[in-house]
Structures are given as structure tokens and as C-alpha cells.
Amino acid sequence: MAEAAPVSGFGRELRQCRQAAGLSLRQLAARVGYDHSYLSQVERGRRPGSADLARFCDRELGTGSRLTGTYLRAHPERPAAVRPVVSGRPAASLAAVWDGLTSALAGVDRVEATGDVRSVPPARLLPELLADLQLLQAQGSDGFGVRAAELSVLVAETLTGLGELRAARRWWSAGRAFADSSGEVSMRSLVRAREAISGLAERRPLPQLLELAEESLALAQRIPASGVQAHAVRARVLAQLGRRSEAHRALQELLNCSDALPPATTSPLGDLAAYEVHAAEGRVCASLGYGTAGCLMLGRALELCPEQRVAERAQLELALAECLALEGEVAAGLALAMRELVELPDEWHTYYLYDEARRVLAAARDREPGLAAVRDLEVLVERRTYATGRSVGSGSW
């Protein structure tokens, strides 16, 4: 544990300023992009805090440079540094990069895309994305808005994968703002579709997600690739809202749209790869309770999904497990889900993976709630390795 700062110093002054502003710990934490439990430890002198934290709190509490000065007097030799991701927690520099990037919406250069981001575990990917964003700020070109939108979406999805949903919301907002400022209709549509898809895993309000999906679809009328994602998420949201006839029509529109696609590419935010199209179709079928069709589509997706995309393959396996359970093959679905959670290396466990596992559980409970394997999977899901760092495969299950 980090060395505690004197209770009478920075921590105490932070608490006084926060209380004077009438904010709770959770409210201030949401504004500065830190976990509320971390702020609590700082206020109690259990953690020293940082110059970045002091600066962000000064800004949100309207205290000028009071807190920053107090911190620097207590830690005059602490260098300002970018804190890496540790144990699945995002870097403290997230807010600093977000502030710097969103302070200017034009006049920055397009940089080379990060490699195959889906082949990098999220805790290692986040610092790379932040470095790309910082480099983006330092360059200059007309492609800034599009590239900033792409990177913002990837940061948002990575944060969600790490379970940092509140921090991810800021980056979704930034992604939409950059996409809108770029004038690129395709990017505006894609950002909204991706946010709605992520929102399903986050269990955000369905009417809000439907609005995002409708906006994406309206923008995507002339863009087949983004239209697939928009149709897919709209169909899933409608199914969850119980509007099945509309969801059926949306599924047919999705199939018509995917049939019209040109040969696919593998760009992370560009045209969809063929396996992503089948994966989208399979998940819509699962949302509508079509287990057999879902198994077929997801099986095709797994055949085409690159081996190095470990997390995506695991999510597809769990989606397939849900379809097996929907089709009455509950024991097989549970066994497949448990095998994926136990055998998958910890670094690939994400919030998205556990959302898929919760969907398998829901399907299994609906059909055979008395199976012992249902409780076994519940135990694995409760461990949430992406958040706790505790290996799913450890101990008895």
C-alpha cells in the first residue's frame, strides 16, 4: 500500500473543500474520473493522492490552485507522471488526456492507427490508446475529428471492458462530439451504434439505447457497414422492450443489409469483418429466442474470427452457450460457458464477457433452474475477475 499522507494535510483540506461545495464523495469522484473509494482513502490519509487529482479537484470545486498548492508543498519532489493501469484499474491520466483532447476540436494531425487493438488485453491496451491520443494532440491535419472519434470509442469500450462504466461515459460523449465535428456521416453513425451495443451490456435504459440506435440508422441509410450495426442493436433493443413484431422486421432489415455488403475488411471501426456480421445476426436471434438460428450464425462467426482476438472469441462462445440453452441444451450451454470462464487467461476477462455469462444464466434459469450447474456458473460469474483480479479458475467451483 502507498505511504499515507498526513491526515492534517492534503486529505483533510480536500474533505473540507468538498463539503463546502456540498458534494458527496461519489459526486466528486464522478466529476474527476476517480473511484470514490480511492478518494475516501485520500481524505483519510490512507493514500497520498496526486498532483493530477489535486488539479482536477481544484477545477471542479472552484478552489483556484489551493489544493494543488497544498499537495505540492507536501510532496515537492514527486514528479508528474502518467500512471499505468494497475490491477485492472485505469490510469489516473485519463482525465488529463480527456481534458486536453476535448479542449480543441480542430487543427490536429491524423496519426497511424493502433495495430489490431482486439488482440491486446484491455489493461495493456488502455495506456497505448492514451499515448495515441496524446500524440494526436501534438500533430496537425484535417483528419483529427475522425481519428479522435475512433480513439475515443476504443477508450470507452476498453474502460467498459475493465468495468469502469462511469469513466467510459465521458469517452462516449467525446466520441460523439468528435464524430459530429468531423462531418463524416459514417463515423457519426458508427459511434452511436457502438455506444448502443456497449450500452446493452451496461444495462443502460432501453429507451435511451433505442434513441441511439434510431439516430445511427437514420445516419446510415447510405452506409451499409454501419447500417449492419445500427440494425442489429435496434433489433436487440426492440426485442428486450417486448416489441417483437418490430424486432422481427428489424432482423429482416439486418439480413437484407448484410446480404448487400461488399467484401469485408478488418478495420476496427471501419467496414465490418464477415465474422462480425454473423455475430451481430446471431445475437439478434438470441434476443428473439431463436436458439437454432443463433447457433448457426455464431458458429459461422467463430469459424471466421481470427485466433488472436481472444476476448471476442470467448464472447462468441458464451453467446453460443446462450443459444444452446435457449434451444433446450441447457447442460451443454452451461458446460461451454464454464469452460470458457475457467480456461480463459485472467487478462482477457472483461465486463462484456461477464454480461454474456449473465445472459447464459438467465436462459438456463428460465428452462432448468434446478440444475446444479446453474449454481456453479453463478459462482464463477460472481467472482468478476475483470474487477477483482481473482482468478476464476482458482479454488473449488
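How are α1 and α4 oriented to each other? Here are some notes on that and on the cavities.

1. First, the ground rules. This is a predicted model, where local features need pLDDT of at least 70, side-chain atom pairs count only at pLDDT 80 or more, and totals for chains, interfaces and linings use all residues. Residues are numbered from 1 along each chain as its sequence is written, and side-chain values use heavy atoms, leaving out hydrogens and water.

2. Helix α1 (residues 10–20) packs with helix α4 (residues 51–61) at an angle of about 20 degrees, their axes being 11 Å apart. The two are therefore roughly parallel to each other (angles under 35 degrees count as such). Their crossing is left-handed.

3. On the α1 side, Phe10, Leu14, Cys17 and Arg18 meet Leu53, Ala54, Cys57 and Leu61 of α4 (contact is heavy atoms within 4.5 Å). By class, that contact has seven nonpolar, no polar and one charged residues.

4. The largest cavity has a volume of about 940 Å³. Among its 35 lining residues, Glu157, Arg194, Glu312, Gln315 and Tyr352 are the closest to its centre.

5. Several helices each supply at least two residues of that lining, including α8 (144–161), α10 (185–202), α16 (310–326) and α18 (351–367). The lining of the largest cavity divides into 19 nonpolar, six polar and ten charged residues.

Methods: Axes are lines fitted to C-alpha atoms, for helices over the stretch in contact, and angles run from 0 to 180 degrees between N-to-C directions. Helices (H or I, at least four residues) and strands (E, at least two) are DSSP runs, numbered from the N terminus. Angles under 35 degrees count as roughly parallel, over 145 as roughly antiparallel, 65 to 115 as roughly perpendicular and the rest as oblique. A crossing is left-handed if the near helix is turned anticlockwise from the far one by less than a right angle, and right-handed if clockwise. Ala, Val, Leu, Ile, Met, Phe, Trp, Tyr, Cys and Pro count as nonpolar, Asp, Glu, Lys and Arg as charged, and the others, Gly among them, as polar. On a 1 Å grid over the protein atoms alone, a cavity is a set of points where a 1.4 Å probe fits but cannot get out, and a pocket is an open set with protein on both sides within 12 Å along at least five of seven lines; lining residues have an atom within 4 Å of a point. Grid points are joined across faces, edges and corners, and a volume is the space filled by probe spheres set on the points.
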